[in-house]
Amino acid sequence: MPEMTPGTALPETPREFGFFVDGKWHKGQEMFDRHSPAHDVPVTRIPRCTTDDLDLAVRAARRAFDDRRWSGLSGGARAAVLLRAAEGLRRRRDEIARWEVLENGKPVAQASGEIDHCIACFETAAGAARLLHGDSFNNLGDGLFGMTLREPIGVVGLITPWNFPFLILCERAPFILASGCTLVVKPAEVTSATTLILADILSEAGIPAGVYNVVTGTGREIGQALTEHVGIDMLSFTGSTAVGRSCVHASANSNLKKLGLELGGKNPIIVFADADLEDAADGAAFGISFNTGQCCVSSSRLIVERPVAEEFERILARKMEKIRVGDPFDPETQIGAITTETQNKTILGYIEKGKAEGAKIVTGGAALKTGHGRFIQPTLFSGVTPSMSIARDEIFGPVLSSFHFDTLEEAIALANDTVYGLSASVWSKNIDQALTVTRRVQAGRFWVNTIMAGGPETPTGGFKQSGWGRETGLLGVEEYTQVKSVHIETGKRSHWITS
Ligand code: TXE
């Protein structure tokens, strides 16, 4: 563990934010401080909004939607704002990355790379805004012409988590805005800064007042109130499966708002004996350790063919031991701090459960003693059986459970033996094998001989209890529209009443 040398990156006093409604900053009546998870010092001061503040935001978003100041623009005009925002992100890349590091604990090199992805999201959404269209039906006979219109669904509530505060926001907000909807965003309470900074960037880019609003505060108060709010037409939620379920109840018990849900995962990485084992081990080490495993598409179940299993675990363990864990402001750091104390306890708790249930630690298995912050060694468990909690539950930390298989059918069955279906990865040089696994394993995102690759052009989302709907790509804009079917009669009507 290297010395912590964040230098001038730490603020002398916490940066204070307001919340953003109707194009204006508002002062919070109550505030709370966020401490850096790597350095234990207060870094931001965020408003604890009230439900009155939320109502104010929903009313502003409703007015902005209903008077068509945004939805009434051409796709090209909306695209122009999104492209100017992409430029704003480019200009403020270092600033955004810094606040991501300070609130989330992720390494600065990774945070900067994420901003590049976010810029690409804005650019992709801008293109989609121009291309969004309905359809026409010229096959209804000469007397009737049909078409479908895609109309924005209305006011969208967006609840985001703390693991990728800016990236998850940017995989949704620009696509929602591209559709013509207006937004009320509630970021996770521990990582609100960059969602508020985006308000500034969008305003500078010329977004009309009331189109992008941010209210901050706890999930239990503001998040829950947003899920229940009758002024919200659609809610996009990314977070735990438990809260996802409560969003479904809240929708059912209020106005049946449409839901987009991206929830937990327990994602398989399947390695066949014929794979390039060095490549696959690098992919597996990255897949479980990236963002300290606090990632919904982490590959947390290794399913490896028995004849190479021991050798593979050895190669993998060697690689995991070389991962540079430490000060997120060191440009060489690959994994940083665990974002919250609760999550830290959860991960360490699962490591203890794994040991108690009889799995064997191949590498890692402990917290790093640094005197400040929360850091956990990348950990590999072998001899895991499907009933163990480390085999079934989303741990959301750098903890990988290894299973062995003998046949293709067994690999597929193990991969599908979960309530989740977010992502999967398969490593094999045999195209038949790789394609069969790809077609039969239930997951919304799939990687063959790679992992966590791809940009905002393709949609993301889950099968089974990993969620509903899709984000990003053209589908990620269409998700926030509803289809209206229109029929137009041409010529003289053939009368129903004839006498
Ligand atoms: O999530 P929560 P937590 C998983 C991961 C993690 C677990 C718990 O397994 O260990 O969830 O994390 C808001 N109504 N994921 O407790 O509570 C909250 O303020 C409405 C996977 O932090 O789901 C935050 O903005 N909103 C996941 C957001 O929900 C509520 C990412 C997520 O917090 C609310 C994060 C409520 N009643 C955690 N309660 C992924 N898919 O990437 C909380 N929130």
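Domain bounds here come from an automatic or database domain assignment. In this predicted model, domain 1 (8–263 + 466–484) and domain 2 (268–448) both give residues to the shell around the ligand, so the ligand lies between them. Residues are numbered from 1 along each chain as its sequence is written. As the model is predicted, local features need pLDDT of at least 70 and side-chain atom pairs count only at pLDDT 80 or more, while totals for chains, interfaces and linings use all residues; side-chain values use heavy atoms, with hydrogens and water left out.

There are 24 residues around the ligand, and T160, W162, E189, S240 and E394 come nearest (near means a heavy atom within 4 Å). The shell splits into 10 nonpolar, 10 polar and 4 charged residues, with Gly counted as polar and Asp, Glu, Lys and Arg as charged.

As for polar contacts (pairs of N or O atoms within 3.5 Å), a polar side-chain atom of N163 sits 3.2 Å from a ligand oxygen. Taken alone, the ligand exposes 810 Å², and the protein buries 83% of that (Shrake-Rupley method, 1.4 Å probe).

Terms used. A polar contact is a pair of N or O atoms within 3.5 Å; within protein, one must be able to donate a hydrogen and the other to accept it, and residues adjacent in sequence count only if both atoms are side-chain atoms.
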